[in-house]
Amino acid sequence: MARLLQAPPKFHPSEWDIAARMQCASTEALKSRSERMIAESQRLLDEIEKTTQKTQSDVNKKLEQRREEIKFWKQELSNRLEEVVHETELLLTFKTRLKKSLESCKEPLVIAQKCLLNRQRRVGIDLVHDEVEHQLVKEVEILQGIIALLGRTLEQTDEQISFVSPEDWIDFSNTNVEKADKQRKNSLALRVLIDGILSQTANDIRKQCEMVNAAFRNRVKEVKDAKHKLEALLAMVMDETASQEKNIAALKQAIADKEGPVKVAQTRLEARNHRPNVELCYDTAQYRLISEVEEITRNIQRLQDALAEAETELKALSRQQLSLEEEIQVKENTLYIDEVLCMQMWESVNINNF
């Protein structure tokens, strides 16, 4: 019982002081560590906050830059797409102009070929390779060349339209923007080329059409002048024929008129041949009668020679009249072909600028 009630051991005051100092030191050390930890934590918090803010700022900046970049390229693509749509519409307009120009070439080509075919119906000396035919052949060659050129240009335009089709540029990319710029420049160059071709071809056709018109006008004038000269010659031949016919009639009448006198002279000579005896001599009267018969006979022969010559000339005049009439018909046929068939068709040709 005594052991149970034994008092606990007591510490020495120095131990108490040591324990107190140790407790104080431990607390101070713990406090110091805690303060350092708190300071380190605060520094860490500050550092992390700054880093986070900086990172967020950088991210926000990058996002904003990217947003602005996307916005820029979106606007660029939108602008290019608008330009492509506009360029496509322009090219389609130019394509329509090309097709109209190409179609307009067909009529003058057909007419030129018809004129050449019609002019093959000229006859005789008028079937000549004249200036009209030369210009018509040249017209056909020019038109065929222009049709081929416009056809190639139309194919080139279709190809360019496929290159600048808006559907090809919907994808958002810098490459497409660059391609769009390139094709837009190609399209612009093609439109300039088409403008030049349409203008030049229209001028060439118009110039050649005028050359054909001038050739037709000159040729018609030449043929009309030739026809008028032939008609004047025909009138002269007909007048000469009438005069020759009168001449022949006069010669025939003169020959007929000489038949009486020659018969009288011959009858007198026959009667004097029956004179008796010495009266049957060549006296002055006998010589004169013989001379008269010979003179009348010679005159009749001269008249007959003149008649034969006149009849030969009349036949020549008749042949010349027939030749002139045929030649006039040739000229009339040529004038009908050139002035009526060809020129009326050619005057209907209308050359437009497209």
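Read along the sequence, the pattern is α-α-α-α. This is a predicted model, so to speak with its own entry rules: local features need pLDDT of at least 70, side-chain atom pairs count only at pLDDT 80 or more, and totals for chains, interfaces and linings use all residues. Residues are numbered from 1 along each chain as its sequence is written, and side-chain values use heavy atoms, with hydrogens and water left out.

**Confidence**

- The chain has a mean pLDDT of 85, pLDDT being the predictor's confidence in each residue, from 0 to 100.
- A pLDDT of 70 or more is reached by 89% of the residues.

- Of the 354 residues, 29% count as buried; buried means under 20% relative accessible area, exposed over 50%, and partly exposed in between (1.4 Å probe, protein chains only).
- Take the contacts (heavy atoms within 4.5 Å) between residues at least 6 apart in sequence: 85% of them join residues at least 24 apart.

**How α1 and α2 pack**

- Two packed helices are described by the angle between their axes and the distance between the axes.
- Here, the axes of α1 and α2 come within 9 Å and cross at roughly 160°; axes are lines fitted to C-alpha atoms, for helices over the stretch in contact, and angles run from 0 to 180 degrees between N-to-C directions.
- That crossing angle makes α1 roughly antiparallel to α2 (under 35 degrees counts as roughly parallel, over 145 as roughly antiparallel, 65 to 115 as roughly perpendicular and the rest as oblique).
- The residues of this contact split into 20 nonpolar, eight polar and six charged; Ala, Val, Leu, Ile, Met, Phe, Trp, Tyr, Cys and Pro count as nonpolar, Asp, Glu, Lys and Arg as charged, and the others, Gly among them, as polar.

**Residues to look up in α1**

- N118 sits in helix α1 (residues 13–119) and counts as buried because its relative accessibility is 15%.
- Not counting residues up to four places away in sequence, N118 touches I337, L341, C342 and M345.
- P108 is also found in helix α1, and at 1% relative accessibility P108 counts as buried.
- Beyond its neighbours within four places in sequence, P108 is in contact with L143, W346 and V349.
- P108 and N350 are 242 residues apart along the chain, yet their C-alpha atoms are separated by 8.4 Å.

- V137 lies in helix α2 and, at 31% relative accessibility, counts as partly exposed.
- Between the C-alpha atoms of V137 and C115 there are 10.0 Å, with the two residues 22 apart along the chain.
- V293 belongs to helix α4 (residues 284–347) and is buried, with a relative accessible area of 12%.
- For V293 and V262, 31 residues apart along the chain, the C-alpha separation is 5.9 Å.

How values were computed
Helix = DSSP H or I, 4+ residues; strand = E, 2+ residues; numbered from the N terminus.
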